[in-house]
Amino acid sequence: MSPVKAVLFDRDGTLVHDVPYNGDPEQVRPVDGAREALALLRHHGIATGVVTNQSGVARGLLTDADVRRVNHRIDDLLGPFDVWAICPHGPDDGCHCRKPQPGMILWAAGRICTHPADCVVIGDIGADVEAARRAGAHGILVPNQATRPEETAAADHVAADLLTAVRAVLGGPPKGRVLANEGPIEAAYATPPAPPADPCGRPR
């Protein structure tokens, strides 16, 4: 199987602490391990992206500009990300992009010229991993207080935290249901593989 070429993250509750319908960049706080996890991926030449439902726009609680400001703050703290995909629709709008629909994942994979099967999606609720499954990508659930027990039970792959999820896929797609990587983080940086060729043939 091809090695992982991209990891796509849910935003709220996965990369940053969830502040419901947040439009204030000052309230952005990365979760523990987020910076280290992203540094590992970039060190190994794996593309990174964000796929996020932002129904606050459809509900009139946020503007597109609010979402952009928060995203820019996340990019400042954790980026640069290779691709951002945002769904501004509500749950009853019938769009194809809102997770658990696969549209954002398919679009993001296309933007970085990567097949969905070579992507891993990491999120904190069942809709994230279901969207990955529908897109043909690999999904990893990193549960938190918002994750329902049945979502954890149904997930194909579960990791205790973000850093564990990322370290588990450095050598390829996730294996096993409960992911663990107990080696020291320094070991993940040792003798990195050569960066993969850009799938679009463009210089990085």
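**Figure 1. Strand β4 and its partner β1 in the predicted model.** Strand β1 (residues 6-9) is joined to β4 by 4 bridges, and the two strands run parallel. The model shown here and in the other views is predicted. Strand β4, which spans residues 119-123, is mostly covered, with 5 of its 5 residues buried. Cys119, Val121 and Gly123 point one way from the strand, while Val120 and Ile122 point the other way; all are buried. In a regular strand, side chains alternate between the two faces of the sheet.

**Figure 2. Strand β1 between β4 and β2.** Besides its 4 bridges to β4, β1 is joined by 4 bridges to β2, again in the parallel sense. Together, β1, α1 and β2 form a right-handed β-α-β unit.

**Figure 3. The pairing of β4 with β5 and the crossover through α4.** Strand β5 (residues 138-141) pairs with β4 in the parallel sense over 4 bridges. Within this pair, Ile122 stands opposite Ile140 of β5. The chain passes from β4 through helix α4 (residues 126-135) to β5, in a right-handed β-α-β crossover. Just after α4, Gly136 adopts a positive phi of about 85°.

Figure 4. Of the 10 residues of α4, 7 are buried, so the helix is largely enclosed by the rest of the structure. The buried residues in α4 are Gly126, Ala127, Asp128, Val129, Ala131, Ala132 and Ala135. These buried residues pack against α3 (103-111), β4, β5 and α5 (149-154). Helix α4 also supplies at least two residues of the lining of the largest pocket, as does β2 (47-53).

**Figure 5. The surroundings of Leu162.** Leu162 lies in helix α6, which covers residues 162-168. Its relative accessible area is 3%, so Leu162 counts as buried. Leaving aside residues up to four places away in sequence, Leu162 touches Phe9, Thr14, Leu15, Val31, Ala34, Ala37, Ile122 and Val142. Among these, Ile122 is 40 residues from Leu162 in sequence, with a C-alpha to C-alpha separation of 8.1 Å in space. Gly33, located in the loop between β1 and α1 (34-43), is 129 residues from Leu162 along the chain, yet their C-alpha atoms are separated by 6.4 Å. Gly33 has a relative accessibility of 18% and therefore counts as buried, the cut-off being under 20%.

**Figure 6. The largest pocket and its lining.** The largest pocket holds about 870 Å³ of space. It is lined by 37 residues, and those nearest its centre are Asp10, Asp12, Gly13, Asp18 and Asp124. By class, the lining comprises 13 nonpolar, 11 polar and 13 charged residues. Both β2 and α4 contribute at least two residues each to this lining.

**Figure 7. The largest cavity.** The structure holds 1 cavity of 30 Å³ or more. The volume of the largest cavity is about 40 Å³. Its lining is formed by Arg11, Asp12, Val16, His17, Val19, Asn22, Gln27, Val28, Val70 and Ile74. These residues divide into 5 nonpolar, 3 polar and 2 charged. Asp12 belongs to the lining of this cavity and is also listed among the residues nearest the centre of the largest pocket.

**Figure 8. The chain as a whole, for orientation.** The protein chain has 7 helices and 7 strands. Read along the sequence, these elements follow the pattern β-α-β-α-β-α-β-α-β-α-β-α-β-α. Of the 204 residues in the chain, 50% are buried. Among contacts with a separation of 6 or more, 62% are between residues 24 or more positions apart.

Key
Residues are numbered from 1 along each chain as its sequence is written. This is a predicted model: local features need pLDDT of at least 70, side-chain atom pairs count only at pLDDT 80 or more; totals for chains, interfaces and linings use all residues. Side-chain values use heavy atoms; hydrogens and water are left out. Buried means under 20% relative accessible area, exposed over 50%, partly exposed in between (1.4 Å probe, protein chains only). Contact means heavy atoms within 4.5 Å. On a 1 Å grid over the protein atoms alone, a cavity is a set of points where a 1.4 Å probe fits but cannot get out, and a pocket is an open set with protein on both sides within 12 Å along at least five of seven lines; lining residues have an atom within 4 Å of a point. Grid points are joined across faces, edges and corners, and a volume is the space filled by probe spheres set on the points. Ala, Val, Leu, Ile, Met, Phe, Trp, Tyr, Cys and Pro count as nonpolar, Asp, Glu, Lys and Arg as charged, and the others, Gly among them, as polar. Two strands pair if DSSP finds at least two bridges between them. A crossover is right-handed if, with the strands pointing away from the viewer, the path from the first strand over the helix to the second runs clockwise.
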